Amino acid sequence: MAFKNLDFEINDHIGVMRLNRPRKLNALNQQLVQELVKALGKLDADDSVRCAVLSGSETVFCAGADIEEMNGKTFVEMYAQDHFTDIAEAFLKFRKPIIAAVAGAALGGGCELAMMCDIIIAAEESFFGQPEINLGVIAGIGGTQRLTRAVGKAKSMEMHLTGRRMTAEEAESSGLVSRVVPLRKLNEEAMSTASKIASLPQLAVMAAKETVNRAEETSLREGLLMERRLFHAMFATEDQSEGMKAFAEKRQAHFRGR
């Protein structure tokens with residue numbers, strides 16, 4: 001599948017997507033958005049794919065939405081087009097884990113794009129921010145909601161109200177990113193993590209992603225019930241039987257994704 005603004009490949013059960021609009025700092029225009037939506041749809045439908053990695057360049061992950069494309073649009077146009085709903089829904093529906101490998105700037109829509117992924121691994125020089133207030137708007141792809149859940153109200157409020165940027169070090173200590181690595185190790189770490197996930201029982205991986213995400217959306221009691229029921233359901237899978245049998249026999253398990 002060939003795209004204009006997105007490098008895309010499937011390698012050893014891993015879907016690899018790299019934003020490629022260097023002259024526009026990987027800004028999200030509608031063409032790139034639609035390419036991401038199509039790529040996610042293909043990866044979700046491909047049973048051989050068990051994990052995905054999303055990255056930008058070594059100097060910028062994504063500088064945000066394409067302001068030139070939005071400049072001059074009216075409320076009626078933005079509302080009628082339901083701007084950015086398609087990409088937001090595509091990430092929400094994607095059942096396999098996605099790792100964001102972030103180098104350089106992840107600002108505005110770029111920060112939101114990273115937060116739509118399940119794990120963020122950041123290069124030491126990377127930074128995050130929601131500077132939409134400087135343009136007379138607010139975040140529109142989940143920034144006010146996901147950032148608040150990740151780092152708490154105080155930091156999120158300051159970033160949204162002032163446009164302050166968060167360094168990779170602060171992002172890690174605040175819980176926004178999983179870990180920070182040297183730039184030269186970023187791709188290696190992201191692919192290594194994806195490979196580890198891809199080697200594990202796929203149904204259990206998908207169930208774990210679903211239950212962790214539900215923790216942000218429901219009460220503790222309901223979340224615990226969902227977790228327990230999916231835990232019980234795993235005992236209907238071949239991978240559960242193989243995993244426990246291999247543990248008892250002190251050998252490597254061979255998972256088949258069923």
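**Strand pairing and helix packing in the predicted model**

Strand β6 (residues 105–107) and strand β8 (residues 127–129) pair in the parallel sense through three bridges, strands being DSSP runs of E with at least two residues and helices runs of H or I with at least four, numbered from the N terminus. Pairing of two strands requires at least two DSSP bridges between them. The structure is a predicted model, in which local features need pLDDT of at least 70 and side-chain atom pairs count only at pLDDT 80 or more, whereas totals for chains, interfaces and linings use all residues. Residues are numbered from 1 along each chain as its sequence is written, and side-chain values use heavy atoms, with hydrogens and water left out.

An open sheet is formed by four strands in the order β4-β6-β8-β9, with mixed pairing. Its edges are β4 (60–62) and β9 (166–167), each of which pairs on one side only. In a regular strand, side chains alternate between the two faces of the sheet.

A114 belongs to helix α5 (residues 109–115). With a relative accessibility of 0%, A114 counts as buried (under 20% relative accessible area, computed with a 1.4 Å probe on protein chains only). When residues up to four places away in sequence are not counted, A114 touches F61, A100, V102 and I120, contact being defined as heavy atoms within 4.5 Å. The C-alpha atoms of A114 and F128 are separated by 9.4 Å, the two residues lying 14 residues apart along the chain.

An antiparallel arrangement is found for strand β1 (residues 6–11) and strand β2 (residues 14–19), which are joined by six bridges. D7 stands opposite R18 of β2. The hairpin of β1 and β2 has two residues between the strands, and D12 there adopts a positive phi near 55°.

The axes of helix α1 (residues 30–45) and helix α4 (residues 85–93) come within 9 Å and cross at roughly 20°; the axes are lines fitted to C-alpha atoms over the stretch in contact, and angles between N-to-C directions run from 0 to 180 degrees. The two helices, α1 and α4, are therefore roughly parallel to each other (angles under 35 degrees). The contact involves Q30, V33, Q34, L36, V37, L40 and D44 of α1 together with D86, I87, A90, F91 and K93 of α4.

Definitions and conventions. Angles under 35 degrees count as roughly parallel, over 145 as roughly antiparallel, 65 to 115 as roughly perpendicular and the rest as oblique. Buried means under 20% relative accessible area, exposed over 50%, partly exposed in between (1.4 Å probe, protein chains only).
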